[in-house]
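I set down each item as I looked it up.

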Amino acid sequence: MRSTTVKRSAVALLAGLIALPLGAWADWGALNMPVGVSELSADVHALHMRIFYICCAIGAGVFGVMIVSMVLHRKSRGVTPSTFHESTKVEIVWTVVPLLILIAMAVPAARVLIEMEDFSDSEMSIKVTGYQWRWHYDYLDENVAFYSALDADQNLARQLGNDNDLERFGESYLREVDNELVVPINTKIRFLNTAADVIHSWWVPDLALKKDAIPGFINENWAEIEQPGIYRGKCAELCGRDHGFMPIVVRAVEKEEYAAWLEEMRAEQVAAADTALDERSHESLLASGESVYGTSCVGCHQKEGQGIPGMFPAIAGSAIANGDVDTHIATVAHGVDGTNMSAFSSILTDAEIAAVVTYQRNAFGNETGDSVQPAAVAAVRSSASAADATVFDSEGVLR
Amino acid sequence: MSTNDQVHDGGHADVTHHVPGEHHDHDHHEHGPAAGYWRWITTTNHKDIGSLYLWFALVMFFIGGGMALVIRAELFQPGIQIVDPMFFNSMTTMHALVMIFGVVMPAFVGLANWMIPMMIGAPDMALPRLNNWSFWIMPFAFLILLSTLFMDSGGPAGGWTLYPPLSLQMGDSFAFVIFAIHFMGISSVMGSINIVATIFNMRAPGVTFMKMPMFVWTWLITAFLLIATIPVLAGAVTMLLTDRFFETSFFSAAGGGDPVMFQHIFWFFGHPEVYILILPAFGIISSIIPTFARKPLFGYDSMVYATASIAFLSFIVWAHHMFTTGMPLAGSLFFMMTTMMISVPTGVKVFNWVATMWKGAMTFETPMLFSIGFVIMFTIGGLSGLMLAITPADIQYHDTYFVVAHFHYVLVPGAIYSIMAATYYWLPKWTGNMYDETLGKWHFWISTVFVNVLFFPMHFVGLAGMNRRIPDYSLQFADWNMVATIGAFGFGFSQLLFVWIVLKAVRGGKKATAEVWEGARGLEWTVPSPAPYHTFETAPDITKFAVR
């Protein structure tokens with residue numbers, strides 16, 4: 001009697017719980033691997049579906065026999081148990097048949113794998129470098145290179161306890177960057193992945209690309225995109241605190257549009273280099289400093305510069321942000337050894353470091369009134385090496 | 001049936017030892033356990049040490065589970081509401097270390113301690129003092145590991161795989177993590193040596209290798225895997241230690257080292273390790289299904305060979321964890337083929353269990369329910385494992401929630417279910433009392449519903465592009481993450497029911513017979529319930545009893 005009650009209650013609970021996620025089924029597209037936009041990604045998807053159907057068939061067979069057995073061969077039906085406990089014939093069959101299935105699966109898988117590893121005849125190369133926590137793209141032989149980090153607006157919204165309305169970002173939440181990687185369609189592009197600090201992994205599902213970016217190594221990868229569009233991806237290898245926040249956005253465009261974009265970028269970068277060390281107004285430094293803070297500092301030092309006690313020191317009222325300017329610049333530029341404070345000298349330009357240092361010295365209640373100019377950063381950068389950073393202990397205090 | 005006759009028949013060379021008598025209550029015997037807490041500290045009795053391991057695993061199960069609930073609570077909704085990403089990473093790292101080294105492994109060692117001597121007709125483990133030591137190192141190792149969470153530089157946050165250079169960014173508490181891992185390793189190796197020595201030397205006359213119960217076989221092979229691989233892990237983490245504190249460059253490219261080499265060394269340990277976490281489970285299930293099907297295990301010989309093949313193959317598949325690191329094509333093809341081959345002996349095992357059920361006369365007590373749940377859900381995890389073997393597809397699955405779903409299916413409704421099944425199956429033998437069958441069935445059904453609500457949706461979000469080890473995710477993954485979190489809390493809290501059932505059976509309940517289960521075979525069922533403090537001081541006459 002009691003076990004019937006158990007059964008009935010269990011069935012009721014099961015039904016309730018199956019009904020629960022029904023609401024989540026509104027979007028079936030979000031349930032499977034994308035077919036993607038290259039021949040290779042379609043091949044990978046086909047392999048995935050083939051092995052999936054094979055697994056379903058095996059599962060249906062095994063579970064089917066189990067269920068039939070559980071229904072028919074129960075003691076309560078008064079059956080007498082058989083005593084058989086081996087059958088060489090059956091055992092050979094269920095060893096050989098799976099082997100044949102595996103061979104049938106291994107052949108197409110090997111074919112796709114060989115295709116994936118064929119880097120010949122690539123028409124252009126982009127070096128992808130992983131940093132904690134952003135990507136650097138270098139169009140080899142094109143003189144165009146830039147960093148790409150999580151969109152500043154989203155970076156603020158994702159901070160602990162920021163009770164933001166995330167809905168406004170829609171499906172692109174945590175998938176929007178400041179600078180997109182623009183590439184031409186119908187071109188065999190070779191990606192060269194490496195990293196500057198720890199291991200990252202450059203993953204764009206629609207291109208069926210995922211390869212680790214490893215410091216000291218260069219990994220190859222290739223894609224030939226067939227349709228223009230925006231394809232989003234993420235870092236796939238745990239790379240520290242903000243691993244979840246280094247998205248990838250690839251914008252694939254027609255070849256002509258790509259050429260024009262490349263021209264524009266080149267001109268922009270040349271212009272930026274020419275004016276890099278120009279004197280800037282206090283207001284313009286503060287304004288760009290706030291946005292640099294939003295992409296590069298806020299993750300650890302927090303929105304109000306309060307830091308996280310015990311983990312990340314505060315900037316508000318700190319000795320560095322209210323003390324000697326050059327020390328402050330050196331801390332940002334060279335980082336602090338043995339802590340999570342990275343060296344930003346290779347990530348940020350002189351103008352950006354100048355701006356963010358200015359901002360930090362005049363925000364969160366810090367009132368130094370300083371305007372730090374790019375030239376001052378350039379001076380610190382050239383005079384000092386990373387050795388300077390070691391004069392600070394892990395709290396950022398001068399020893 | 002009872003062993004009393006046979007025990008009394010044998011002469012006792014060592015009269016200072018307790019002789020199992022007609023009475024289940026042996027308090028009035030002078031050679032029982034010491035009184036008070038001192039008993040547990042100084043004990044060299046395999047049953048006491050087995051209990052210690054099992055209680056330890058249970059406590060750690062709730063600590064590791066609490067960490068999982070922190071993870072799931074943070075992932076309940078998009079956005080970061082509860083913990084800093086750094087602490088989140090500590091939780092994922094610690095959850096894995098605690099569940100692997102603190103729950104599944106000690107629980108299996110506890111079961112081995114309790115059951116192997118009784119299954120092979122031995123009076124105790126071969127090395128009783130070593131046995132005490134290998135247990136008592138563990139609580140200290142875990143105290144050290146968990147204490148890092150309260151240190152300034154925080155707990156380990158680079159994932160349980162400790163990949164450099166990331167793991168080398170950790171503060172000074174890293175040294176404590178390495179130290180703790182060394183001690184867990186020493187404990188495991190000593191435990192394994194003891195198990196091998198016991199099985200090789202202590203079998204009762206007539207208990208040949210091919211007569212040993214499957215649980216003994218699978219543990220024998222597991223013990224060899226442990227002895228072979230734990231030193232490899234020890235080497236790898238020691239190199240991390242010197243890289244971090246003594247300026248070596250084993251894994252730093254800037255100093256001429258190779259960060260990928262760590263991954264090769266780690267997974268040379270790590271892949272056999274995953275079989276360490278599942279082979280004893282195979283043994284448990286191979287004991288329980290025949291009992292409740294009232295029919296001998298189908299294909300015993302092929303089960304033994306399959307287990308050995310899996311163990312062998314586990315040493316030549318490690319790089320399938322590393323398909324995205326940029327291996328030579330020949331390497332990728334080799335590791336794809338060997339990985340696919342593992343599904344053959346694993347398939348043989350599943351088919352054998354189904355064939356054992358076929359034409360039996362089954363009843364569905366709680367141990368059988370957990371075993372059937374194991375076979376079905378482990379197979380689901382095995383099939384997703386087969387998908388993961390297909391390298392081009394694996395490159396897309398790698399480091400997504402699809403992988404998280406896969407290994408949780410084989411570890412939770414796999415390894416953990418087998419431990420639950422074993423507990424229900426042997427609890428009457430350990431305590432002398434039957435557990436509450438109604439509550440046991442409730443425990444099974446609630447757990448099974450929630451464990452699927454928890455892990456099944458992870459397949460979908462993984463395929464759709466949600467990467468693992470992230471504290472926040474894009475909005476399109478929100479619904480399934482919410483479902484998974486509900487499943488996690490349901491599953492987590494329903495385990496309190498398990499604790500209640502166990503405590504209830506320890507305190508009392510319907511008295512169990514010696515045989516306990518109608519269809520049970522094996523020497524452990526020939527001794528009274530509860531099993532006397534000392535069993536088989538003289539070897540059983542195995543011509544009278546079935547060993548398996």
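**Entry 1: cis bonds.** I located W133(A) in the loop between β1 (124-131) and β2 (134-139) of chain A. Helices (H or I, at least four residues) and strands (E, at least two) are DSSP runs, which I number from the N terminus. The peptide bond that leads from Q132(A) into W133(A) is cis, with omega near 0°. I found a cis peptide bond between S529(B) and P530(B) as well, with omega about -5°. P530(B) belongs to the segment after α16 of chain B.

**Entry 2: provenance.** I note that this is a predicted model, in which local features need pLDDT of at least 70 and side-chain atom pairs count only at pLDDT 80 or more, while totals for chains, interfaces and linings use all residues. Residues are numbered from 1 along each chain as its sequence is written, and chains are lettered from A and ligands numbered from 1 in the order in which they are written.

**Entry 3: positive phi.** I looked up two residues of chain B with positive phi. R294(B), which is not a glycine, has a phi of about 55°. I place R294(B) in the loop between α9 (279-293) and α10 (300-313) of chain B. Is R294(B) buried or exposed? I use these classes: a residue is buried if 20 or more other C-beta atoms, placed from the backbone, lie within 10 Å of its own, exposed if 12 or fewer, and partly exposed in between. R294(B) counts as buried because it has 22 C-beta neighbours inside 10 Å. K359(B), a residue other than glycine, has phi near 60°. K359(B) sits in the loop between α11 and α12 of chain B. With 18 other C-beta atoms within 10 Å, K359(B) is partly exposed.

**Entry 4: the sheet of chain A.** I counted eleven helices and ten strands in chain A. An open sheet of five strands runs in the order β3-β2-β1-β5-β8 (chain A), and its pairing is mixed. I treat two strands as paired if DSSP finds at least two bridges between them. The edges are β3 (144-148) and β8 (219-224) of chain A; each has a single partner strand, so one side of each has no neighbour in the sheet. Neighbouring strands are turned by 20° against each other on average, direction ignored. For such angles, axes are lines fitted to C-alpha atoms (for helices over the stretch in contact), and angles run from 0 to 180 degrees between N-to-C directions.

I then followed β5 (residues 188-195) of chain A, which pairs with β8(A) in the antiparallel sense over six bridges. I189(A) has A223(A) in β8(A) as its bridge partner. The pairing of β5(A) with β1(A) is parallel and extends over seven bridges. T194(A) in β5(A) stands opposite T129(A).

**Entry 5: helix α2 of chain A.** I checked the length of α2 (residues 39-72) of chain A. The expected span is 1.5 Å times one less than the number of residues. The 34 residues should therefore span 50 Å, and the end C-alpha atoms are 49 Å apart, which agrees. Buried residues in α2(A) include L40(A), V44(A), L47(A), I51(A), I58(A) and V62(A). The buried residues of α2(A) pack against α3 (88-116) of chain A and also against α11, α12 and α13 of chain B.

**Entry 6: domains of chain A.** I read the bounds as domain 1 (32-74 + 86-118), domain 2 (124-274) and domain 3 (282-391); such bounds come from an automatic or database domain assignment. The centres of domain 1 and domain 2 of chain A, taken over C-alpha atoms, are separated by 35 Å. Eight residues of domain 1 are in contact with eleven residues of domain 2 in chain A, where contact requires C-beta atoms, placed from the backbone, within 7 Å.

**Entry 7: the side of chain B that touches chain A.** I found 87 residues of chain B in contact with 93 residues of chain A. The largest share of this side of chain B, 14 residues, comes from α11(B). By class, this side has 52 nonpolar, 25 polar and ten charged residues. Here Ala, Val, Leu, Ile, Met, Phe, Trp, Tyr, Cys and Pro count as nonpolar, Asp, Glu, Lys and Arg as charged, and the others, Gly among them, as polar.

Conventions:
Contact = placed C-beta atoms within 7 Å.
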